[in-house]
Amino acid sequence: MRDYKQPSDMLRVHEGEHAWVVLHVRPRCEKKAADYCRLNGLPWYLPLRKKIHRYGSRERAFWSPLFPGYVFCVTTQLQKTEIRQNRYVANLLDVVDQATLVEQLRQIERALTVGDVVEVMPYLEAGRRVSVTSGPMKGLEGMVLRVKGKTRVVINVDMIQ
């Protein structure tokens with residue numbers, strides 16, 4: 001299996017003509033698009049989560065994209081044309097607010113490193129924007145939601161909703 005981890009210092013606002021874009025890729029082509037970026041020397045980010053499928057008594061673990069259909073990439077205007085012609089890319093979304101996207105991607109990366117150890121207190125009201133003040137996810141911001149009777153804090157990437 002290829003390594004789809006990127007160094008965390010890559011998640012930064014790039015200077016000059018380089019800018020983050022969101023690659024909207026064809027179904028099940030996220031890793032192929034990330035490989036294209038890697039082979040062409042483009043900084044990219046593909047957040048993955050571990051999934052486990054059970055087949056009777058057997059288990060199979062694999063890494064699945066957190067945002068199916070999307071890969072985040074840093075390009076120049078000239079490289080955008082080449083990326084649009086790639087057979088794995090369906091559309092290219094320009095990012096207006098680079099700093100906000102980078103901050104949201106950093107929060108996603110931090111949340112993925114923590115795993116499933118998040119516990120939300122039940123007295124938080126749904127719809128409220130919150131900031132985590134202690135614990136392994138300290139500093140992350142999200143929205144409180146009620147899903148299937150459970151309270152969740154959702155970290156959002158505005159660019160892909």
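1. Buried residues (under 20% relative accessible area, with exposed over 50% and partly exposed in between, for a 1.4 Å probe and protein chains only) make up 36% of the 161 residues in the protein. This is a predicted model, in which local features need pLDDT of at least 70 and side-chain atom pairs count only at pLDDT 80 or more, while totals for chains, interfaces and linings use all residues. Residues are numbered from 1 along each chain as its sequence is written, and side-chain values use heavy atoms, leaving out hydrogens and water.

2. On the overall fold, you will find three helices and nine strands, where helices (H or I, at least four residues) and strands (E, at least two) are DSSP runs numbered from the N terminus. Their order along the sequence is β-α-β-β-β-β-α-β-α-β-β-β.

3. Helix H1 deserves a look. Its buried residues are Glu30, Ala33, Ala34, Asp35 and Cys37, and they pack against strand E1 (19–25), strand E2 (44–45), E4 and strand E5 (70–75). Glycine 41, with a positive phi near 70 degrees, follows H1.

4. Glutamate 30, in H1 (residues 30–39), is a residue I would check by eye. Glutamate 30 is buried yet has no salt bridge, and the nearest side chain of opposite charge, arginine 28, is 7.2 Å away. (A salt bridge puts a side-chain nitrogen of Lys or Arg within 4 Å of a carboxyl oxygen of Asp or Glu; Lys and Arg count as positive, Asp and Glu as negative, and His and the chain ends are not counted.) A polar atom of the glutamate 30 side chain does lie 2.6 Å from the backbone nitrogen of glycine 69. Leaving aside residues up to four places away in sequence, glutamate 30 touches (heavy atoms within 4.5 Å) Val25, Leu46, Pro65, Pro68, Gly69, Tyr70 and Val71.

5. The whole structure holds five salt bridges. One of them joins aspartate 35 to arginine 38, with the closest N and O atoms 3.4 Å apart. The two are separated by about one helical turn because they are three residues apart in helix H1. Aspartate 35 counts as buried at 11% relative accessibility, whereas arginine 38 is partly exposed at 38%.

6. Another salt bridge pairs aspartate 94 with lysine 80, the closest N and O atoms being 2.6 Å apart. Aspartate 94 sits in strand E6 (residues 89–94) and lysine 80 in helix H2 (residues 77–84), so the pair ties together parts 14 residues apart in sequence. Lysine 80 is buried, with a relative accessible area of 10%, while aspartate 94 is partly exposed at 43%.

Key
Polar contact = N/O pair within 3.5 Å; in protein donor to acceptor, adjacent residues only side chain to side chain.
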